[in-house]
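Please find below a colleague's note on the fold, prepared for reading beside the model. Kindly keep the sequence and the structure in view while going through the points.

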Amino acid sequence: MDHLQFFSKFFKSLGNLEQELQQEVEEMYSNVFVMGLPRSGTTLLSQILYNNTDLFCTNNFMARFWGTPLVGAKLSSLSITKKRLRSFDSFYGRTADIDQPHEFSKFWHKCLKVEDFRGYEPEKVSSRIDWRMLQSKILGINAIFNGGLVCKPMEFAGFHLNSLLQTFNRAVFVYLERDALEVTSSILRARKEAGEEKWWGSYPPAQFYESLRGENLLNQVAHQVCYFKAMYEGKFSESSGHSQLLRLHYRELCDSPNEALAKIKDAVRKNGGELTFEPLPAPLAKSGFLGSSEEVLQMKQALKEASRAYPQSMA
C-alpha cells in the first residue's frame, strides 16, 4: 500500500468522526489570512502571529489531516499545547517542529479546486467552490481551539480575495510586500537548489504559465514576480479602503515587528474582533541574497522588461 492509498483509506475511516465534529457555528473569532509572493516573509509573519499573539495555527501535525481538518484540530488540541517557539527558523517556507505553523496547502487545494497548478484558472473554478463548506471548516477549527487562526493560503487568497472577504466577515487579510529584486534573487536561488527546470513557489493562472514555459530561468522568475505583484496591486485597488485589508512590508516587519503587530491588532478591532500580543524584545534580522553586481544588473533588467506586461507590478 503506497502513501496515497493509505491516506485515502485513512480519511475514509475518519469520515464519520469528521461529520460528528461538524457543526453550524457563528463567526465568533477573527482569523488572519497571510498573503504575499513566495520568499517575501510570509512564513516569518505566520510564526510571529502564532508565537506572539493569542492566535492558533494549522500546525505540522494537523497538516497530515488535510482531508479531515476537524479531526486533526481536535487531536491537536488534545495533544499539543501552544507554546512559544524557540526560534523563527524555517527552510524555504517549511517549519520543523510538530507544533509550528504549516500552510495546510493540501486542505486549501482541495477546497479551492486546485487539481493542477499549471492549469489552474481561478475565475472558472470559483463558481464550483463550496464557500459555505470552507467557512464551516474554518469556523469549526476556531470552535475547537476556542480562538482565531493564522492561515496562509498564499496566492489562492489573492486569486479569490473577493469571495473570501464575503465568506469571512471578521477576518483580516494581510498582504506582506517585499522588494521585487530581493524576491527575485531568493526564488532564483531556490530554483537553482531544487533544479532549474522545476517551477518553484506560486504558479500564475494557466494562460500566463503557458506563455512562460519557453522562457529562460531568469525571465520566468521575473515574470512570476511581476505577475503576482500586479495581481495583489489590482486586488487591493479594487477594494481600496476595505477595513479587512492590510498591507505590510517585510522591512517594516523585521525593523519594527511590534508596530506591525499593533497594526494587525487595530485591523482586527475595526472588524469586531480582539487580538492580544506579547511584544518582541528586539528587531529581527532580515534575510537577503542578491548576488554579484553583474547578476543584480541582469535581474533588474529582466524585471524592467517583465514589468511592461504587468503595469501595476511596479506601483
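The numbered points below treat the basis of the note, the sheet, the helices, the cores and some single residues.

1. Basis. The model is predicted, so local features are taken at pLDDT of at least 70 and side-chain atom pairs at pLDDT 80 or more, while totals for chains, interfaces and linings use all residues. Residues are numbered from 1 along each chain as its sequence is written, and side-chain values use heavy atoms, with hydrogens and water left out.

2. The sheet. Five strands form an open sheet in the order β2-β3-β1-β4-β5, with parallel pairing. Strands (E, at least two residues) and helices (H or I, at least four) are DSSP runs numbered from the N terminus, and two strands pair if DSSP finds at least two bridges between them. The edges are held by β2 (56–57) and β5 (245–249); each has a single partner strand, so one side of each is left without a neighbour in the sheet.

3. Pairing within the sheet. Strand β1 (residues 32–36) pairs with β3 (residues 149–151) in the parallel sense over two bridges, and Phe33 stands opposite Cys151 in β3. Between β1 and β4 there are five bridges, also in the parallel sense; here Val34 stands opposite Val174 in β4. Five bridges likewise join β4 to β5, and these strands run parallel. Phe173 has Leu245 in β5 as its bridge partner.

4. Strand β4. Six of the six residues of β4 are buried, where buried means under 20% relative accessible area, exposed over 50%, and partly exposed in between (1.4 Å probe, protein chains only). Both faces are covered: Val172, Val174 and Leu176 are buried on one side, and Phe173, Tyr175 and Glu177 on the other.

5. Helices on the sheet. Helix α14 (residues 257–270) lies across β1, β4 and β5 and runs at about 175° to β5. Such angles, from 0 to 180 degrees, are taken between N-to-C directions of axes fitted to C-alpha atoms, for helices over the stretch in contact. The buried residues of α3 pack against β1, β2, β3, β4, α13 (250–255) and α14, contact meaning heavy atoms within 4.5 Å. In α3, 11 of its 11 residues are buried, including Thr42, Gln47 and Asn52.

6. Nonpolar cores. A nonpolar core is a set of buried Ala, Val, Leu, Ile, Met, Phe, Trp, Tyr and Cys residues joined through side-chain atoms within 4.5 Å. The largest has 57 residues, and those with the most contacts inside it are Met35, Trp108, Leu112, Leu134, Phe168, Phe173 and Val225. Helix α12 (residues 217–238) supplies the largest share of this core, 11 residues. Apart from this core lies another, of 27 residues, among them Val32, Leu49, Leu248 and Tyr250. Leaving aside neighbours within four places in sequence, Trp108 is in contact with Phe33, Glu103, Leu134, Ile138, Cys151 and Pro153.

7. Helix α15. The 15 residues of α15 (residues 293–307) reach 21 Å from the first C-alpha to the last, close to the 21 Å expected at 1.5 Å a residue; the expected span is 1.5 Å times one less than the number of residues. Val296, Met299, Ala302, Leu303, Ala306 and Ser307 are buried. Seen down the axis of α15, these buried residues fall within an arc of 130°, so they line one face of the helix; the arc is that of the directions from the helix axis to the C-beta atoms. On the other side, Ser293, Glu294, Leu297 and Lys304 are exposed. The cover over the buried residues of α15 includes α10 (180–194) and α12.

8. Trp200. This residue lies in the loop between α10 and α11 (206–212), and Trp200 counts as buried because its relative accessibility is 18%. Not counting residues up to four places away in sequence, Trp200 touches Pro38, Arg39, Tyr92, Ile187, Ala190, Arg191, Ala194 and Gln224.

9. Positive phi values. Two residues deserve a look at the backbone. Arg39, although not a glycine, has a positive phi of about 65°; Arg39 is found in the loop between β1 and α3 (42–52) and counts as partly exposed at 21% relative accessibility. Phe104, also not a glycine, has a positive phi of about 60°. Phe104 lies in the loop between α4 (69–79) and α5 (105–111) and is buried, with a relative accessible area of 2%.
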